[in-house]
Amino acid sequence: MGYDPRSMRYGIFGDIHANLEALEAVLAGMKKERVDVMVCLGDIVGYGADPAKCIDIVRGLGCTTVAGNHDFAVVDKINVDFFNTYAREAALWHREILSDEDKRFLSGLKLVEYVDSFTLVHATLYSPELFEYIQTSYDAHLAFENLTTPLCFVGHSHVPVTFVQKRTVSFTMDSAVKVELNAKTMVNVGSVGQPRDENPDASFGLWDTEEKMVWIKRVKYDVEKASRKIIKAGLPEILAERLRYGR
Ligand SMILES: [Fe+2]
């Protein structure tokens with residue numbers, strides 16, 4: 001249950017969804033927060049207009065990255081028939097326009113990674129390949145059963161929330177959470193490129209090993225520009241509209 005003895009500030013980001021404007025804003029936000037190490041929770045692609053540029057940036061960062069369901073859908077490692085119409089349309093367009101090199105990068109991502117004292121997984125630890133959602137304390141309880149580190153970061157639902165397991169599992173929507181040594185903590189850091197908590201600002205997590213604090217940080221970005229690109233690309237209008245409302 002030990003934490004890193006060194007003082008480190010980790011920037012945890014995911015669910016970028018091909019939204020270049022949001023990704024750039026989050027990278028600037030992490031720089032401002034003096035992040036030492038970045039890690040990525042996957043779903044680099046899907047939904048948005050800039051999949052290649054977002055892959056290029058994440059690959060260039062060289063940060064530990066896990067696979068999201070949209071990353072695997074684009075490279076046909078999961079069936080797009082399970083997606084709703086709009087998600088499917090975007091995934092198929094990404095499949096068409098991405099290079100073989102970009103697809104190889106997405107295809108090579110692992111489902112679970114370990115960085116120092118924490119675990120990274122896009123969805124759940126009990127069946128990461130199924131990409132199920134952690135939406136209730138019971139879902140979190142199942143995920144905690146498979147958690148071997150004191151701390152875990154997840155994405156997928158696009159809604160920031162923290163689950164804490166002591167004798168029972170509780171949750172909080174607070175944007176500042178003290179990580180307790182006698183508990184296990186699982187943090188959903190929200191979404192860079194398609195927030196769904198009715199706050200359109202891009203979201204990322206900040207983990208400070210000295211303060212023993214996790215913060216959910218929000219940054220404003222040019223939502224209108226990202227939306228216009230989605231329309232211009234011929235993608236469903238609803239994918240542009242939802243960015244304005246954070247849904
Ligand atoms: Fe996602």
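I checked burial first: 45% of the 247 residues of the protein chain count as buried (20 or more other C-beta atoms within 10 Å of a residue's own; exposed is 12 or fewer, partly exposed in between; C-beta atoms are placed from the backbone). The model is predicted, local features need pLDDT of at least 70, side-chain atom pairs count only at pLDDT 80 or more, and totals for chains, interfaces and linings use all residues. I number residues from 1 along each chain as its sequence is written.

Helices here are DSSP runs of H or I, at least four residues, numbered from the N terminus.

I followed Cys54. Leaving aside neighbours within four places in sequence, Cys54 is in contact with Ile16, Ala18, Leu20, Leu23, Ile44 and Val45 (contact: C-beta atoms, placed from the backbone, within 7 Å).

Next I took helix H4 (residues 85-97). Which residues of H4 are buried? I found Ala90, Ala91 and His94. They cover an arc of only 100 degrees around the axis, so they sit on the same side of H4; the arc is that of the directions from the helix axis to the C-beta atoms. The buried residues of H4 pack against helix H2 (51-61), helix H3 (69-74) and helix H8 (237-245). Exposed Thr85 and Glu96 are on the face turned away from the buried side of H4.

How values were computed. Two residues are in contact if their C-beta atoms, placed from the backbone, lie within 7 Å. Helices (H or I, at least four residues) and strands (E, at least two) are DSSP runs, numbered from the N terminus.
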